[in-house]
Amino acid sequence: MKWFKGLSLLLVMLLVFSLAIPGFAQLKGKIEIFSWWTAGGEAEGLQALFDIYHKKYPNVEIINATVAGGAGTNAKAVLKTRMLGGDPPDTFQVHAGKELIDTWVKTGFMEPLTDLFKSEGWTKVMPKGILDIVSYRGDYWSVPVNIHRANVLWYNRKIFKDSGLTPPKTFDEFFEVADKLKAKGTIPFVLGTKDGWEAGHVFETILIAKLGAEGYKGLWTGKTKWSDPKVTDALETLKKVFSYINPDHSAATWDEAYQYIIDGKGAMSIMGDWAAGYFFSKGYTDFGWAPVPETAGIFDALSDSFGLPKGCKNRDNVIAFLKVLGSKEGQEAFNIKKGSIPARTDVDKSLFPEYQKSCMDDWLRDKIVPSVIHGAAASEGWVTEYKDVIALFIARPDVPTTQKALIQVATRAGVKQ
Ligand code: GAL
C-alpha cells in the first residue's frame, strides 16, 4: 500500500501546485477589457496583448470593449457612467498620474496592486518616475504598459528632401518652412480636430516650447501664472500654426488626417507617438520625426495603464491580464506596434523600430514633463475645461478672451492665479 500512499501524496501535491500557479490552474469565463484603442497601431497593439493572453488562457473569452475617440474623449464618459452605476468593466485603460489617482483611486474605486508589483518584480524594472505616478499613499494602483511621447513633430521625409528642407527647430523656422511648402501647393500642417482634444494637445506642446520645462510644469501647480506673457505668445503661435492647416480638419479624426501625409499631400503634424503606430499599421515608413520646435531636450510624457476596479466580475482573469501587461513579452509585443516605448527598462531594444529606439534614448536623456491632455498633469475636470477652451479658440481665435478663460479655468481647479 506504500505505492498507493505515494501516489495520493503526488496527486495532492499536483493539485496544490496547480492551484498555486496561475496559468497552470486553467482560468475560465470572461474578461472585459475597456479602452479607446480602435485606430491603426492602437488596435494592433491591443491585439498583440490579447494574443499572448489567449495563448496562456485559451478558455477565457476576451471581450474587447472599445469606445472609439482619440485620447478617450468618448470612452471616459462611458466609463464614468458604468463605474458610478456599479457596473465596472473588468479592467480599463487609464492614464497614469492625476487621471488615475484623482478620478479613481482617491475616490475609492480601485484595489491596490502592491503585492502584484512585488511578486512580479515590477518595482525593480520600472523607472521611479513611472512608479511614482501610479502610486498613492504607499500603494501601486495600476499597471503601466507603455510610455508615450506627446511633443513630436512628424513629417513626410520625401517632401522635405525634394524641397531641400530640414525639420524646423524654432517656430520662426516652422513658419518659414510652412510658407515654402504652401507656395508649392503642399498642405504645411496636418491635423484632425474632430474629437475636440487635438488642438489642446498641440497647444500643450507649444506651452512647453514657450515656457520651458519648469515654466510649463508650474502652470499645473500654480508656480506659473496663466496671465504670463509667454502664455500669450503660445496662443499667438497656436493661432498661426493653425493658419497652415488642412481645410477639412474639423471633419477628420487624428488618424484620418494622416492620409494627407501618407499620400504626400501634407507635410508636417504635431502629435503623440501613437502617430508612429498608425504609420506602421498602414505600412508607411517614409515618415520623419523631430521634437516639436523649441522643445528639444524635453520629453512630454504620458503612460497608459490598466487597473483592478473594486467589484469587477472576473478578478482572477484580470490579475492574469495585468501580469501579461507588465511582462517583458507583453510590453515588447504591444509597444512595437503602438509607437510607444515599454515602461520596463529591461526589454530587448534591438526588436524595436528606429523611432522607438531614438525615443528610448531621449527618455533617458531628456527632462520629463507630464502631459495634460493625456491625464498626467492635472485632474480630469481641469483637463476637460482646458480642452474645451482651446477647441473653441480654433473656431474663434481670440487671444485675450482665451487667455482670460484659461485663467478662470485654473482658478476653478483650485490653483490660485
Ligand atoms: C492617448 C493614449 C494613447 C493613444 C492616444 C490617441 O490618450 O494615451 O495610447 O491612444 O490617446 O487615441
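Predicted model: local features only at pLDDT ≥ 70, side-chain atom pairs only at ≥ 80, totals over all residues.
Reader: What makes the link between the side chains of Thr-295 and Asn-151 a polar contact?

Author: The distance is 3.1 Å. A polar contact is a pair of N or O atoms within 3.5 Å; within protein, one must be able to donate a hydrogen and the other to accept it, and residues adjacent in sequence count only if both atoms are side-chain atoms. Residues are numbered from 1 along each chain as its sequence is written, and side-chain values use heavy atoms, leaving out hydrogens and water.

Reader: How do you know whether Thr-295 is buried or exposed?

Author: Its relative accessibility is 0%. Buried means under 20% relative accessible area, exposed over 50%, and partly exposed in between (1.4 Å probe, protein chains only). Thr-295 is therefore buried. You'll find Thr-295 in the loop between β11 (287–291) and β12 (298–302); strands (E, at least two residues) and helices (H or I, at least four) are DSSP runs, numbered from the N terminus.

Reader: What is worth a look about the phi of Glu-294?

Author: That phi is near 65°, a positive value in a residue other than glycine. Most residues other than glycine have a negative phi. Glu-294 sits in the loop between β11 and β12, and at 29% it counts as partly exposed.

Reader: What makes Asp-172, Glu-173, Glu-176 and Asp-179 a surface patch?

Author: Patches take residues with over 30% relative accessible area and no salt bridge, joining like charges within 9 Å, or nonpolar side chains (Val, Leu, Ile, Met, Phe, Trp, Tyr) within 5 Å. A salt bridge is a side-chain nitrogen of Lys or Arg within 4 Å of a carboxyl oxygen of Asp or Glu. Asp-179, in helix α9 (residues 171–183), has 42%, which is over the 30% needed. The patch is negative because Asp and Glu count as negative.

Key: Areas by Shrake-Rupley, 256 points an atom, 1.4 Å probe, with all protein chains shown as cover. Charge placed at Lys NZ, Arg CZ, Asp CG, Glu CD.
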